Amino acid sequence: MSHGKTRQINFYNIDEKFYFVDLPGYGYSKMSKKEQEQVGKFIEEYLFSRENISLIVLILDIRHKPTENDKMMYEYIKSTNKPYLIVANKADKIAVTKVDASVLEIKKELCLGESEVIIPFSAERKIYTENAWKNLGYPN
């Protein structure tokens, strides 16, 4: 699935134990401002109205500094007071030696504290997956 292409909610059943819920993208797809506002309201309503959300995962592109939309989404997620995790996807697209520096740059841009974790990940090449599953609290 391409980044920013989700236009509806997709539910993924993980081993009959829990669901990943993929919400619509909020800034990368070619949406009008009105569509972006509607998606934003939809995401806001979903995240605040669902009491059974155990973790929110914000997926960012490790190759780029967080956008203003990313920063806004991060602040919004924090305001829900629900547990969250930040995943920096596309880690296979940069040199292994640059992964840590890219993660630090994202942390700086989002003004994260020392104890907050960003997990590098590659959905395409399936690298860093063990650490991601561990942080999700799920045995790999």
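This report looks at the fold of a predicted protein model and at its salt bridges.

## Ground rules

Residues are numbered from 1 along each chain as its sequence is written. Because the model is predicted, local features need pLDDT of at least 70 and side-chain atom pairs count only at pLDDT 80 or more, while totals for chains, interfaces and linings use all residues; side-chain values use heavy atoms, with hydrogens and water left out.

## Overall fold

Let's start with the chain as a whole. Four helices and five strands make up its secondary structure, in the order β-β-α-β-α-β-α-β-α. Here helices (H or I, at least four residues) and strands (E, at least two) are DSSP runs, numbered from the N terminus. The radius of gyration, taken over C-alpha atoms, is 15 Å, close to the 14 Å that the globule rule gives for 140 residues, so the chain is as compact as a globular protein of that length. That rule is 2.2 Å times the number of residues to the power 0.38.

## Salt bridges

The structure holds eight salt bridges, each a side-chain nitrogen of Lys or Arg within 4 Å of a carboxyl oxygen of Asp or Glu. K65 pairs with E105 (3.8 Å, N to O). K65 sits in the loop between β3 (56–61) and α2 (68–79), and E105 in helix α3 (residues 99–110), 40 residues apart.

Finally, shared partners join K65, E68, K71, E105 and E109 into one network.
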